[in-house]
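Open the model in your viewer and keep the selection tool at hand. The stops below go residue by residue, then step back to the whole chain.

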Amino acid sequence: MLKLNPIRSEKVWGYEDWIASTHVDGLQKEFASLVGDYPLLVKIIQANDTLSVQVHPDDADAKRLEGENERGKTECWYVLSADEGASLVYGLNGKPSKEELRVAIKENTLEKYLNRVEVKKGDFIFIPSGTVHAIGGGLRLLEVQQSCNITYRLYDWGRPREVHIEKGVEVIKNEKRSEIAPLGEEFECEYFKLQKEPLKGGYSFLVSPSAKTAELVFISEGSGTIRATAKDGTKTETQFKKEEIFAVTQGEKITLEGHGEVIRISAK
């Protein structure tokens with residue numbers, strides 16, 4: 001069991017804490033020593049202002065446009081806190097053509113195509129690669145994504161930053177969106193699985209010995225004690241608090257004692 005220490009990246013709109021990463025742009029060396037190249041990247045995003053409107057490529061487009069060793073970026077958000085009336089952009093309204101989108105970006109009229117929705121604490125949003133999106137101000141999110149740092153910015157609300165019109169429009173997939181709703185007990189997609197567990201005294205589980213790689217344990221609420229027993233019988237114990245994250249390896253038995261909420265994150 002390894003407690004992971006965040007790497008902070010300050011932004012014009014707030015900050016990101018990369019809390020589980022082996023990506024070269026935010027490398028946690030101890031984590032990389034434990035797992036090698038981890039296929040997921042986990043962040044906490046504090047949005048004091050609205051992020052740019054952006055889109056990420058899928059695996060095939062990432063390799064084609066950015067290099068053979070790149071991954072795409074499918075991601076999801078779990079709302080940790082939200083100001084009243086906080087909202088985000090989730091996909092496009094209607095079915096604009098790629099040429100209509102290019103013109104709208106160049107003329108700063110993209111907002112008419114953006115699907116904006118209000119969200120609250122506990123909501124879950126699935127963002128497949130190719131989905132146009134933007135996080136609004138007043139939100140704090142847990143983000144679980146493929147280990148990829150490719151972002152194509154389409155619109156930036158008047159801020160003088162570069163936009164990536166051609167690549168961005170090329171990778172957009174304006175497909176049907178999932179319903180935004182509170183995170184249930186479990187979510188699973190092609191790349192990752194999330195399991196939400198209430199912590200009301202004690203909770204134990206065994207990390208599958210046949211798991212592809214280490215599992216992550218994120219403390220979304222509360223505090224307490226976490227204990228691990230490794231396959232060789234070695235025992236470790238430490239205290240945990242809200243928004244800390246631990247990497248636990250195959251074959252470890254994990255016990256948490258305390259009160260709050262735990263989200264287990266595993267790569268597929």
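Start with four phenylalanines: select Phe124, Phe126, Phe187 and Phe192. Together they form one aromatic cluster. This is a predicted model, so treat each stop as a feature of a prediction.

**Aromatic pairs**

How many aromatic pairs does a search of the whole structure find? The count is six. Select Phe31 and Tyr38 next. Their ring centres lie 5.0 Å apart and their planes meet at 55°, so this pair is tilted. Now show the surface. Are these two residues buried or exposed? Phe31 counts as buried, at 0% relative accessibility. Tyr38 is buried as well, with a relative accessible area of 0%.

**Charges over rings**

Select Arg8 and Tyr15. The charged end of Arg8 sits over the Tyr15 ring, 3.7 Å from the ring centre. Then move to Arg264 and Phe205. Here Arg264 lies over the face of Phe205, and the distance to the ring centre is 3.8 Å.

**Gln239**

Gln239 belongs to strand S17, which covers residues 235-241. What does Gln239 touch, not counting residues up to four places away in sequence? Its contacts are Gly224, Thr225, Glu244 and Phe246. Pick out Thr225 from that set. The side chains of Gln239 and Thr225 are joined by a polar contact of 3.0 Å.

Follow the chain on to Glu243. This residue is in the loop between S17 and strand S18 (245-248). Check its backbone: phi of Glu243 is near 70°, a positive value in a residue other than glycine. Most residues other than glycine have a negative phi.

**Asn108**

Another positive phi is found at Asn108, near 55°, again in a residue other than glycine. Select the loop between helix H3 (98-106) and strand S8 (114-118) to find Asn108. Asn108 counts as exposed, at 54% relative accessibility. The cut-off for that label is over 50%.

**Lys43**

Go to strand S4, residues 40-47, and select Lys43. Is this lysine buried or exposed? Lys43 is buried, with a relative accessible area of 3%. Show its surroundings. Leaving aside neighbours within four places in sequence, Lys43 is in contact with Glu16, Asp17, Trp18 and Ile19, with Lys73, and with Leu141, Leu142, Glu143 and Gln145. Zoom in on Gln145: its side chain and that of Lys43 are joined by a polar contact of 3.3 Å.

**The whole chain**

Clear the selection and switch to cartoon. The secondary structure comes to four helices and 19 strands. The radius of gyration is 19 Å, close to the 18 Å that the globule rule gives for 268 residues, so the protein is as compact as a globular protein of that length.

Colour by accessibility. Of the 268 residues, 54% count as buried. The accessible surface comes to about 12300 Å², and 46% of it belongs to carbon and sulfur atoms. Last, draw the contacts between residues at least 6 apart in sequence. Of these, 78% join residues at least 24 apart.

Technical notes:
Residues are numbered from 1 along each chain as its sequence is written. This is a predicted model: local features need pLDDT of at least 70, side-chain atom pairs count only at pLDDT 80 or more; totals for chains, interfaces and linings use all residues. Side-chain values use heavy atoms; hydrogens and water are left out. Rings of Phe, Tyr and Trp (its six-membered ring) pair if their centres lie within 6.5 Å; planes under 30 degrees apart count as stacked, over 60 as edge-to-face and the rest as tilted. Buried means under 20% relative accessible area, exposed over 50%, partly exposed in between (1.4 Å probe, protein chains only). A charge sits over a ring if NZ of Lys or CZ of Arg is within 6 Å of the ring centre and within 35 degrees of the ring normal. Helices (H or I, at least four residues) and strands (E, at least two) are DSSP runs, numbered from the N terminus. Contact means heavy atoms within 4.5 Å. A polar contact is a pair of N or O atoms within 3.5 Å; within protein, one must be able to donate a hydrogen and the other to accept it, and residues adjacent in sequence count only if both atoms are side-chain atoms. The radius of gyration is taken over C-alpha atoms; the globule rule is 2.2 Å times the number of residues to the power 0.38. Accessible areas come from the Shrake-Rupley method with a 1.4 Å probe; for residues, only the protein chains shown count as cover.
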